[in-house]
Amino acid sequence: MKQLLGQRVKFLFFGGKGGVGKTVVAAATALYLAEVAGEKTLLASFNPVHSLSSVFGQDLSGGVVKEVAGTRNLWAVEVQYDDIVERYKTRITTLLREMLKMAELSVDIKPLVDIATTNPAFHEAAAFDKMMDVVLKEGANFDRVVFDMAAVANAVRLIGLSKLYGAWLQRTIKMRMETLSLKEQLSFRKEKVKEEIEKDPVLHELQDLYQRYMKVRAVLTDPAATRFVFVTIPTVLSISVVQRFIEMVKAYEIPFGGVVVNMVIPREEAERDATGFLKSKYDEQQRNLELVRRSFAPHILASVRLFPEDIVGLERLRQFMKELVS
């Protein structure tokens, strides 16, 4: 893990199956970069079920960047999806209104907006738009940005929008330009219409979005700037999830950073357990760890033991951090 962090990759994404400790691993990584490496670090949660506040034992909610108390150089934000969707809905409403205005159509756009915004893909597009904000705006204010993502399927699909989003924008811009060109050809007031076209708010909005997208796409596909790290535990299901989604991340051209193995039962703890329960689980984990080695070597970044208590509060998080980056 220390080797990856020493490469000074600016944007680190952490994903994995639910319940494997993604948030703790992301938080410990951010804490290391802030306190040990001395870098100004932002920890951004894109998990709809936020738990940064629980991990750090302080209120980090509200959707705004907050300094993490009791640390040095560390800030955090729990991204609020409701706010993102409402802002995105406002943008879509404005664009639809302008498009219908040019067509001189009197249509109630509310049903159109409702249909568009109830599509699950709309929520992902809105979240990707917020991710672009974090990369472009907050990225300029911090040395490192660590993302705590949702369950791996959602996380990979969200980042995968970096490829699909651009294709959609290109097609939409082309359609808009063709519409404007046709209007100019059919108009008797060509000079006035041409002037209106040059100021067309829809086209300007789409072109601005595309420019932002191109900048973010360049960052997300640059191995010197971005890595996606998977977190797993020694279970067959969790390992198989990572195996499947590593290939998907590569297909989206997102640089793969490696795998962190979490919640590994120490041998000495298993041997001390008189009930035999831990010994049984330990033996099962050892078989699965062999599968981890066969599947992910040489991309295993760290192996962290199973702690007897939940990782809550800075003291326990620092203990976890030491093992993660040892």
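This note goes through a predicted model of one chain, from the whole fold down to single residues.

1. Overall make-up. The chain has 326 residues, and 48% of them count as buried. Its secondary structure consists of 13 helices and eight strands. The accessible surface is about 16,300 Å², with 54% of that area belonging to carbon and sulfur atoms.

2. Contacts along the sequence. Take the contacts between residues at least 6 apart in sequence: 76% of these join residues at least 24 apart. Glu 269 belongs to helix H11, residues 267–272. With a relative accessibility of 36%, Glu 269 counts as partly exposed.

3. Helices H2 and H13. Helix H2 covers residues 22–36 and helix H13 covers residues 314–324; their axes come within 9 Å and cross at roughly 85°. An angle from 65 to 115 degrees counts as roughly perpendicular, and H2 and H13 are therefore described that way. On the H2 side the contact includes Val 24, Val 25, Ala 28 and Tyr 32, and on the H13 side it includes Leu 317, Phe 320 and Met 321. By class, this contact has 12 nonpolar, one polar and two charged residues.

4. Helices H10 and H12. H10 (residues 236–251) and H12 (residues 277–296) pack at an angle of about 10°, and their axes are 10 Å apart. These two helices are therefore roughly parallel to each other, since angles under 35 degrees count as such. From H10, Val 236, Ile 239, Val 242, Gln 243 and Ile 246 take part; they meet Asn 288, Leu 291, Val 292, Ser 295 and Phe 296 of H12. Seven of the residues in this contact are nonpolar, three are polar and none is charged.

5. Asn 262. This residue is in strand S7, residues 256–264. Is Asn 262 buried or exposed? Its relative accessibility is 3%, so Asn 262 counts as buried. A polar atom of the Asn 262 side chain lies 3.0 Å from the backbone oxygen of Val 20. Leaving out residues up to four places away in sequence, Asn 262 touches several others, among them Val 20, Gly 21, Val 231, Arg 305 and Phe 320.

6. Thr 226. This residue is in strand S6, residues 226–232. Thr 226 has 0% relative accessibility and therefore counts as buried. The side chain of Thr 226 has a polar atom 2.8 Å from the backbone oxygen of Val 219. Apart from neighbours within four places in sequence, the contacts of Thr 226 are Val 9, Phe 11, Phe 13, Val 219, Leu 220 and Pro 255.

7. Backbone points to check. Ala 297 and Pro 298 are joined by a cis peptide bond, with omega about 5°. Pro 298 is in the loop between H12 and strand S8. Glu 253, in the loop between H10 and S7, has phi near 70°, a positive value in a residue other than glycine. At 42% relative accessibility, Glu 253 counts as partly exposed. Met 263 also has a positive phi, near 65°, but Met 263 lies in strand S7. Its relative accessibility is 26%, so Met 263 counts as partly exposed.

Technical notes
Residues numbered from 1 in each chain as written. Predicted model: local features only at pLDDT ≥ 70, side-chain atom pairs only at ≥ 80, totals over all residues. Heavy atoms only, no water. Axes fitted to C-alpha atoms, helices over the stretch in contact; angles between N-to-C directions. Helix = DSSP H or I, 4+ residues; strand = E, 2+ residues; numbered from the N terminus. Parallel < 35°, antiparallel > 145°, perpendicular 65-115°, else oblique. Contact = heavy atoms within 4.5 Å. Nonpolar A, V, L, I, M, F, W, Y, C, P; charged D, E, K, R; others polar. Buried < 20%, exposed > 50% of the residue type's maximum accessible area, 1.4 Å probe, protein only. Polar contact = N/O pair within 3.5 Å; in protein donor to acceptor, adjacent residues only side chain to side chain. Areas by Shrake-Rupley, 256 points an atom, 1.4 Å probe, with all protein chains shown as cover.
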